[in-house]
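Please take a moment to look over the sequence and the structure before reading on.

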Amino acid sequence: MSDSSFIPKGIAPTAEQLAIQLGKYKRVIVEANAGAAKTTTLALRLAQALARGADVDRVLALTYTDAAVQAMKQALTRIGLPATVRNRIKVRTFDDFCRARLQHIEGGNVHQLDRPEQLKPHVLQAIERVMGNPDERHPDEFAVEGTGEAMVEGLLQSFARLKGTLQWQLEAAEQVLTPALATELGHDYLTLRTFWAYEAIRRGGHPDHPAFRAPHDATYDLACMLLDEDAFVDMPQPLALGLHLVLVDEMHDTNRAMFTVLRHLLAQNPQTAFIGVGDRDQVIHAVAGADASFMADSFERDIGPAERLPLTASYRFGPALAASVGRLSRKDCASLSGIQTDVAVITHEDGRDAERHIVRMVRERVGLGEAATLSDIAVLLRQPHQSVALENHLLDHGVDYRTSGFDTYLMRPEVLFVRGLIACARRAFAGIEQLDTRVKVLQAMLLFCGSFVQSEHDDPEDRRKAEQEAIQTVAHAPQLVDAFLDNQILRHAPAAVRPHIEAAIDIASTNVTELLLERFVRALSPQVLAERVMVQARDIAQVGANIQGLIDSAATYDHVESFFRAMNEREIRQQGMRGKDCVLLSSIEAAKGLEFEHVIMPGLNKGEFAIGGNTVDNRNLMYVGMTRARRRLTILCDRQRPSQYLVDAGLI
């Protein structure tokens, strides 16, 4: 082994970075802060290993996302590794790495389905199998009506968490699934039954070659195989690769499935050195089961002791924000940035003032230079329903925006449902100009009414096709919507649902905005309807909040008819927005790994931001949101009930 040092080009490493680069430890875990050049530091460690004689073909860098793979490749370029060297370095997501290893075992590629809409038919098929199982011992647990369309998104999220945590394999592998066991595991019975039906479909009846894989399924499949002691009795161990160095970036995103693969990878390559880097305060457990323990106790217990080195100074933001972030996270956080980040807290008496403040800051580019663009600004929201009033303000003031982590509110199924009810009440279905939107409105009405289109077909797929054909016919001929409402939606809706729909339509037909505001939501009972077609509590709550937000926005209109026209006009305006130079409205989770010149965080109110109380996840969400900012962070809160996190961060 050579003692020569790698000298990077274009950067002067800090003392902390040099300690990480030059340290001679077999296992290192770097505890980093947000914006502290984690990936660059990892690249320095990799380059140093090559300088000391590591074989470039025996180096493996793993991370969670494709974006992080590109960031690592860019870091290797930035520090001056020649192209002939860096092009040979294997930089992979965990899932891509696992997919390649499984290919050696399975002897071929497995069809990859990457988008939710590709997975949706398989989830619906699984729901149908479960609901139609004549041997089901607990049918009373399946109190869900309709086709199950409203459940798909929530179920896919639950499946991802079940797979990421390996919860069933580790906690219930030898047990029979019952409602009591489901409750003990923290899931509802229908979700777990559907999970296993979906997995049977995904496996395609073949134990060694699945019919398809979704994102992160390769990691899950390989992890399950590794937990089976007999899996590799008659075949070579797929992780014995003779590696010299394994690196893991964004280690705070590691879940149990990924950690299982990592543990076996290091065990099968006993001579390899290891370095992982992450920020525990960016762990959000709800996303695929990420857990901070895999950087801490679990690593020490299951893999072995590691040298722990700090990376505290941020290059992203200035000292003022670093001080607030440090107080919130209760750890040292310094700044090496030349930027002086402004941190402002704006209090307001009325929630509508928050939207006005945001629109003003966006239009005036507050805190930014003359060259700043709309894409330099991000508004980070804790819950999707918070976007309803804000989107309306942006649309009405001609400010372009895009969303990430949630749909624009006008295209959310529950909002489309209400638009459909008002359209029927006002005999104005043709006023919804976009054909695709009419289709989605009719689908949403069937969905929330728990209804269906009558068909002579017995096969489920044929029935779905017939339903789509009927919807297309009505969408092309809006004059047919009254007959469709009476003869299909209401006729086939459960008896308990019809009165809600009829009452809501009656109220909207009066054309009196005051009645709409006072009685519509109470008559419709959206959460009651949602409970009949959904199983995830968070999805049900969002339905009610989105519909309430929509109806509240009618307050500035003289008549229901003008409110309905405004929704349609806003939709046309929203679809005509530019795709690039626009403000980002994003969930905090979707903003992880990104940075913006100005970050705006509204709704920092007691009882609103910290859903479920002062949990680690909620505090970490606050940390992630704050640390996306470079030049300015603006936080908005109710003057009478600011979040405790603002006190903890020393901001009030």
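Predicted model: local features only at pLDDT ≥ 70, side-chain atom pairs only at ≥ 80, totals over all residues.

In what order do the 6 strands of the open sheet that contains β9 and β14 stand, and is the pairing parallel or antiparallel? The order is β9-β14-β13-β10-β12-β11, and the pairing is parallel. Because β9 (342-348) and β11 (401-404) stand at the edges with a single partner strand each, one side of each is left without a neighbour in the sheet. Neighbouring strands of this sheet are turned by 20° against each other on average, with direction ignored; the axes behind such an angle are lines fitted to C-alpha atoms, for helices over the stretch in contact, and angles run from 0 to 180 degrees between N-to-C directions. The names come from DSSP runs, numbered from the N terminus, in which a helix (H or I) has at least four residues and a strand (E) at least two, and two strands count as paired if DSSP finds at least two bridges between them.

Residues are numbered from 1 along each chain as its sequence is written, and side-chain values use heavy atoms, with hydrogens and water left out. The predictor's confidence in each residue, called pLDDT, runs from 0 to 100; the chain has a mean of 93, and 99% of its residues reach 70 or more. Confidence is lowest in helix α23 (residues 526-533), at a mean of 86, and highest in strand β4 (residues 245-248), at 98.

With β9 it pairs in the parallel sense over 7 bridges, and among the bridge partners are Leu636 for Ile346 and Asp638 for His348. Strand β13 (residues 596-601) also pairs with β14 in the parallel sense, over 5 bridges, and there Phe596 stands opposite Ala629. Since 9 of the 10 residues of β14 are buried, this strand is largely enclosed by the rest of the structure; buried means under 20% relative accessible area, exposed over 50%, and partly exposed in between, with a 1.4 Å probe and protein chains only.

A further open sheet is formed by 6 strands in the order β3-β2-β4-β5-β1-β6, and its pairing is parallel. Its edge strands are β3 (90-93) and β6 (307-311), each of which pairs on one side only. Neighbouring strands in this sheet are turned by 20° against each other on average, direction ignored. Within it, strand β2 (residues 59-63) and β4 pair in the parallel sense over 4 bridges, and the bridge partner of Ala61 in β4 is Leu247.

Buried residues in α24 include Asp539, Ile540, Val543, Ile547 and Leu550.

Most residues other than glycine have a negative phi. Leu166, although not a glycine, has a positive phi of about 50°; this residue is found in the loop between α7 (152-165) and α8 (167-171), and at 0% relative accessibility Leu166 counts as buried. His216, also not a glycine, has a positive phi of about 75° and lies in the loop between α10 (189-203) and α11 (217-227), where, at 36% relative accessibility, His216 counts as partly exposed.

What, finally, lies in the second largest pocket? About 890 Å³ of space lies there, and of the 31 residues that line this pocket, the closest to its centre are Gly351, Arg352, Glu355, Ala389 and Leu390. The helices α15 (351-364), α16 (387-396) and α24 each supply at least two residues of the lining. On a 1 Å grid over the protein atoms alone, a pocket is an open set of points with protein on both sides within 12 Å along at least five of seven lines, and lining residues have an atom within 4 Å of a point. Grid points are joined across faces, edges and corners, and a volume is the space filled by probe spheres set on the points.

How values were computed:
1 Å grid on protein atoms, 1.4 Å probe; cavity = no way out; pocket = protein on both sides within 12 Å on 5 of 7 lines; lining within 4 Å.
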